Amino acid sequence: MIPERMLFVYNAESGMFNALNDWAHKFFSPETYECSLCRHTYGLRGMLVPWKIFIEGRPFPSSFHYRPEFWRTYPAMRDLPLPLILVERQGAVEVLLAADEIKGAVDLPALIKLVSAKLDASEKAA
């Protein structure tokens with residue numbers, strides 16, 4: 001079953017000050033940046049084009065969440081390490097990629113390949 005929605009949860013805070021801080025961290029010390037999902041999918045100028053094309057090419061919408069907003073909306077998932085990629089089907093949210101899987105992707109093409117494979121497998125299993 002195709003997901004109704006895919007959710008991307010960043011291990012980062014929201015807000016302009018935090019965005020500027022994250023940008024500086026990525027610029028000066030990208031290898032120590034805390035959010036591996038951000039590191040793979042965003043550059044210094046915003047979302048990377050291959051990632052944007054991949055996301056927009058899915059037959060379902062996506063939503064993007066920062067840590068505090070996600071925890072408020074999904075308090076039962078507060079203990080899961082971030083970042084996460086989740087899918088929603090029939091109102092239930094399930095983990096598609098856990099933090100360690102995202103971190104294990106060496107670059108954006110590897111992450112896209114991993115997300116695609118997990119989506120294919122989850123659609124066949126559902």
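**Aromatic rings and one arginine**

The side chains of arginine 89 and serine 122 make a polar contact at 2.8 Å; that term covers N or O atoms within 3.5 Å, where within protein one must be able to donate a hydrogen and the other to accept it, and residues adjacent in sequence count only if both atoms are side-chain atoms. Keep in mind that this is a predicted model, where local features need pLDDT of at least 70, side-chain atom pairs count only at pLDDT 80 or more, and totals for chains, interfaces and linings use all residues. Residues are numbered from 1 along each chain as its sequence is written, and side-chain values use heavy atoms, with hydrogens and water left out.

Arginine 89 sits in strand β5 (residues 84-89); strands are DSSP runs of E, at least two residues, numbered from the N terminus. At 7% relative accessibility, arginine 89 is buried (under 20% relative accessible area, with exposed over 50% and partly exposed in between; 1.4 Å probe, protein chains only).

Now for the rings. Phe, Tyr and Trp (its six-membered ring) pair if their centres lie within 6.5 Å, and planes under 30 degrees apart are stacked, over 60 edge-to-face, the rest tilted. That rule gives six aromatic pairs. Tyrosine 10 and tyrosine 66 make a tilted one, 5.7 Å centre to centre with 40° between the planes. This pair joins distant parts of the chain, 56 residues apart: tyrosine 10 is in strand β1 (residues 5-10) and tyrosine 66 in strand β4 (residues 62-66). Tyrosine 10 is buried at 3%, while tyrosine 66 is partly exposed at 35%.

Terms used: Helices (H or I, at least four residues) and strands (E, at least two) are DSSP runs, numbered from the N terminus.
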